[in-house]
Amino acid sequence: MCLLLTIFVNRRERTPTFKKNRKDPSDKLRKLDAVSPIRTLEEWWSKLKGPLLPSEGADGQFICVVCLESVLRSQEIRELKCLHVFHKECLDKWYLQDHFNCPLCHRAYYVQESRPSNDFVWMV
C-alpha cells in the first residue's frame with residue numbers, strides 16, 4: 001500500500017513542475033545571447049587572430065560538431081567560453097533542449113537559474 005501511495009505522490013508532483021519549467025524560447029535565447037553573442041566566423045577570427053586574408057581559406061576548416069557541416073566565413077556562429085564555435089541555429093537548438101554544456105568538451109557555459117526540485121519522495 002505504501003508503495004502505491006509513493007508512486008502516486010511522485011507522479012502527481014512531477015507533472016506540474018515539468019509544465020512550469022517550460023519557458024518561452026525567445027526568453028531563453030536572450031539569456032544565451034548574454035553568454036554567447038552572435039557573430040560571423042570572419043568577425044570571430046579577426047577578433048581572435050587578426051584580419052582574415054583571402055588566401056587564408058577559413059572555409060572548410062571549422063566543422064560544427066552538432067550538425068557535422070562546415071562553417072563558412074559568412075555564417076552566423078556562437079562562440080562558447082571554451083572557444084569552440086558552432087552554427088547559431090545548431091547551438092540554439094542544443095540549448096533549447098536544456099543542454100547547458102559545450103557539445104564538444106562538455107564544459108558548462110551556462111548555469112541554470114533554478115535547480116530542479118526533488119522528483120522523488122523517499123520513504124524509509
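Leu68 is exposed in this predicted model, with a relative accessible area of 64%. That value counts as exposed because the cut-off is over 50%. Together with Ile63, Val65, Val66 and Leu104, Leu68 forms a nonpolar patch on the surface.

Turning to the rings, the count comes to four aromatic pairs. In one of them, the rings of Trp45 and Phe62 have their centres 5.6 Å apart and their planes at 75°, so this pair is edge-to-face. Trp45 belongs to helix 3 (residues 41–49), while Phe62 sits in the loop between helix 3 and strand 2 (63–64), so the pair ties together parts that are 17 residues apart in sequence. Both Trp45 and Phe62 are buried. Trp44 joins in too, as ring pairs link Trp44, Trp45 and Phe62 into a cluster.

Helix 4 (residues 88–96) comes next. Its buried residues include Lys88, Cys90, Leu91, Asp92 and Tyr95. What do the buried residues of helix 4 pack against? The list runs to helix 2 (25–35), strand 1 (38–40), strand 2, strand 4 (76–79) and strand 5 (85–87). Tyr95, one of those buried residues, also has a charge for a neighbour: the charged end of Lys28 sits over the ring of Tyr95, 5.5 Å from its centre. Just after helix 4, Asp98 takes a positive phi of about 65°.

Methods: Residues are numbered from 1 along each chain as its sequence is written. This is a predicted model: local features need pLDDT of at least 70, side-chain atom pairs count only at pLDDT 80 or more; totals for chains, interfaces and linings use all residues. Side-chain values use heavy atoms; hydrogens and water are left out. Rings of Phe, Tyr and Trp (its six-membered ring) pair if their centres lie within 6.5 Å; planes under 30 degrees apart count as stacked, over 60 as edge-to-face and the rest as tilted. Helices (H or I, at least four residues) and strands (E, at least two) are DSSP runs, numbered from the N terminus. Buried means under 20% relative accessible area, exposed over 50%, partly exposed in between (1.4 Å probe, protein chains only). A charge sits over a ring if NZ of Lys or CZ of Arg is within 6 Å of the ring centre and within 35 degrees of the ring normal. Patches are made of residues with over 30% relative accessible area and no salt bridge: like charges are joined within 9 Å, nonpolar side chains (Val, Leu, Ile, Met, Phe, Trp, Tyr) within 5 Å. Accessible areas come from the Shrake-Rupley method with a 1.4 Å probe; for residues, only the protein chains shown count as cover. A salt bridge is a side-chain nitrogen of Lys or Arg within 4 Å of a carboxyl oxygen of Asp or Glu. Contact means heavy atoms within 4.5 Å.
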